[in-house]
Amino acid sequence: PVKHIELREKYDMLVVAPMSANTLGKMASGICDNLLTSILLAWKYKEKPAVLAPAMNTEMWESPITQANLKRIQILLPNITIVQPQEKMLACGTMGNGALANINDIVEASVTAYMKTF
């Protein structure tokens, strides 16, 4: 079996949390060089919900390239849900926007997205 297709068929929803700038950029460009990016490219976005929760350093999050990648994904995949990162102390030791969203916000967005399929 082809693993990324098998996983796409097996599950009703896709949640990527945290989603790195690297994975976000690959998704926006259609690059699929690992299992996750292969699933992202093969996902049935019109039929099954997908939730992305980006998390990265503030400068990476605010980069025009990252913001353009987000816009590209939202234009191409209007049914996708993106949970915005939060401001707090980041893994790099600086305070700023880019930390993984609160888990409750991710769960709430996921439930809302899933319920829209009914």
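A crossing is left-handed if the near helix is turned anticlockwise from the far one by less than a right angle, and right-handed if it is turned clockwise. This model is predicted: local features need pLDDT of at least 70, side-chain atom pairs count only at pLDDT 80 or more, and totals for chains, interfaces and linings use all residues. Residues are numbered from 1 along each chain as its sequence is written, and side-chain values use heavy atoms, with hydrogens and water left out.

## Helix packing

Helices (H or I, at least four residues) and strands (E, at least two) are DSSP runs, numbered from the N terminus. Axes are lines fitted to C-alpha atoms, for helices over the stretch in contact, and angles run from 0 to 180 degrees between N-to-C directions. Contact means heavy atoms within 4.5 Å.

Helix 2 passes helix 5 in a left-handed crossing. The axes of helix 2 and helix 5 come within 9 Å and cross at roughly 45 degrees. That angle makes helix 2 oblique to helix 5. Angles under 35 degrees count as roughly parallel, over 145 as roughly antiparallel, 65 to 115 as roughly perpendicular and the rest as oblique. On the helix 2 side, the contact is made by L24, G25, M27 and A28. Helix 5 contributes T66, N69, L70, R72 and I73.

Helix 1 (residues 3-10) packs on helix 3 (residues 35-42) at an angle of about 55 degrees, with the axes 9 Å apart. Helix 1 and helix 3 are therefore oblique to each other. Their crossing is right-handed. K3, H4, I5, L7 and R8 of helix 1 meet L35, S38, I39 and A42 of helix 3.

## Helix 2 and its cover

Buried means under 20% relative accessible area, exposed over 50%, and partly exposed in between (1.4 Å probe, protein chains only). Helix 2 (residues 21-29) is mostly covered, with 7 of its 9 residues buried. These are A21, T23, L24, G25, K26, M27 and A28. The cover includes strand 1 (14-19), helix 3, strand 2 (50-54), helix 4 (58-62) and helix 5 (64-76).

K26 belongs to helix 2. Its relative accessible area is 15%, so K26 is buried. Leaving out residues up to four places away in sequence, K26 touches I31, D33, N34 and T37. Just after helix 2, G30 takes a positive phi of about 75 degrees.

Strand 1 holds P18. The peptide bond from A17 to P18 is cis, with omega near 0 degrees.

## Buried residues

| Residue | Relative accessibility | Touches |
|---|---|---|
| W43 | 6% | R8, Y11, D12, M13, L14, K48, P49 and A50 |
| T58 | 10% | L90, G96 and N97 |
| A101 | 6% | V83, Q84, P85, Q86 and I106 |

W43 sits in the loop between helix 3 and strand 2. The charged end of K48 lies over the ring of W43, 5.4 Å from its centre. A charge sits over a ring if NZ of Lys or CZ of Arg is within 6 Å of the ring centre and within 35 degrees of the ring normal. W43 and E108 are 65 residues apart in sequence, and their C-alpha atoms are 21 Å apart in space.

T58 is in helix 4. A101 is in the loop between strand 5 (95-99) and helix 6 (103-115).

## The aromatic pair

The structure holds 1 aromatic pair. The ring centres of Y114 and F118 are 5.2 Å apart and the planes stand at 75 degrees, so the pair is edge-to-face. Rings of Phe, Tyr and Trp (its six-membered ring) pair if their centres lie within 6.5 Å; planes under 30 degrees apart count as stacked, over 60 as edge-to-face and the rest as tilted. Y114 is partly exposed, with a relative accessible area of 27%. F118, at 69% relative accessibility, counts as exposed.
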